[in-house]
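Please read the points below with the model open beside them.

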Amino acid sequence: MSKKKLSKEEKKNLKKLKAGRLAKRDAVAGILFITPWIIGALLFLAYPLITSFRYALHNIRMTGVGMRFKYIGYSNFTEILFSQTEFTTEMISYLVSTIISVPIIVVFALIIAIMLNQNVKGKGFFRLIFFLPVIIVSGPILGMLNQEGAGSLTSIDTQAITATLEATLPGALADPISDLFENMVTILWYSGVQILIFISSLQKIDRSMYEAAKIDGGSGWECFWKITLPNIKPMILLNIVYTIVFISNNEQNSIIGLIQDSMFSGTQEKGYGYASAMAWMYSIVVVLMVALFAALFMSKKDVYEKQVKKAKKAHKKEQRQLKQIERRSAKNAKKNAKAARG
């Protein structure tokens, strides 16, 4: 039996059907892959968030028979804002120090990543040196090192810098900047993960782009600004978000200590509910800071890409108009043929 030849329309429909089946299969596979994460997020993220917000609306007392809840609405939030001056002061200090330290950490990580990406002997060993503090210097060890003064640069006269800052800037700005100089080594210890992320992104850049730029007379500085920086811009945003989250959840953060003290306080006003409200306010500030940096460093669409999309839309519109004209012409031809027969 001879195979029936398919028309162009039937071939197009068959291709669309195959593409639809393939897309559904890929979608099912993707859902199966992310199902463990969805389950984990619901159990270990969504449920604790809902529970903590419920705690924040209550005054919780620990009794012999369990936790006793007393609904007080938003009283915990108003008391923290208008009565807890220590929390407001620590929050301002946290914002200023984070806004200053995050660019320093990211820029330092980028410089070290560019150096380690060069063809140097023993670069694997140097990468290990920069990443080693991430593994070793954490938790109680970091606290002990800071107490011994290992987190500051002894070659810098921090007292003179602190005195100059206090004389020229208000206290809300001078204290965080002074802490930044006093804990400079500790801050740079936080850059291990960021260095690895930058190295991986630098290694994915096509080397032929640099060769073409050098043939056209481009310098190393121009290659950095025109090739390296645009290609690693998404990783810069990723490192900024990671650094903010890491600093915000660090045990050395004074606000984290303030929340813990409020949680285990034996006073009637404080407790789990008061600490939960404080944690929610702190989380909102962190999210707003992440959104601010994301708005500043979010990669914008290329002008050429926008023009290509506009041209494609215009082409599709022209194709639709041509099809409409062809259909109208076919209808008019049929009408004329019927009129001629009649």
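1. Two strands count as paired if DSSP finds at least two bridges between them. In this predicted model, β1 and β2 are joined by six bridges and run in the antiparallel sense. Two residues lie between the strands, and together β1 and β2 make a hairpin.

2. How many residues of β2 are buried? The count is zero among the six residues of this strand, residues 66-71, so described as hardly covered.

3. N59 belongs to β1, which spans residues 58-63. Its relative accessible area is 17%, and because buried means under 20%, N59 is classed as buried. Beyond its neighbours within four places in sequence, N59 is in contact with R68, F69, K70, I72, Q268 and E269.

4. Helix α2, residues 75-82, has N76, F77 and I80 as its buried residues. Viewed down the helix axis, these fall within an arc of 100 degrees, so they line one face of α2.

5. In helix α12, residues 254-263, the buried residues are I255, I256, L258, I259 and S262. Why are they said to be on the same side of α12? Their arc around the axis is only 160 degrees, which places them there.

6. What do the buried residues of α12 pack against? Their partners are α3 (85-116), α11 (220-248) and α13 (272-297). At the start of α12, N253 has a side-chain oxygen within 3.1 Å of the backbone nitrogen of I255. I255 is also one of the buried residues of this helix.

Key
Residues are numbered from 1 along each chain as its sequence is written. This is a predicted model: local features need pLDDT of at least 70, side-chain atom pairs count only at pLDDT 80 or more; totals for chains, interfaces and linings use all residues. Side-chain values use heavy atoms; hydrogens and water are left out. Helices (H or I, at least four residues) and strands (E, at least two) are DSSP runs, numbered from the N terminus. Buried means under 20% relative accessible area, exposed over 50%, partly exposed in between (1.4 Å probe, protein chains only). Contact means heavy atoms within 4.5 Å. The arc is that of the directions from the helix axis to the C-beta atoms. A polar contact is a pair of N or O atoms within 3.5 Å; within protein, one must be able to donate a hydrogen and the other to accept it, and residues adjacent in sequence count only if both atoms are side-chain atoms.
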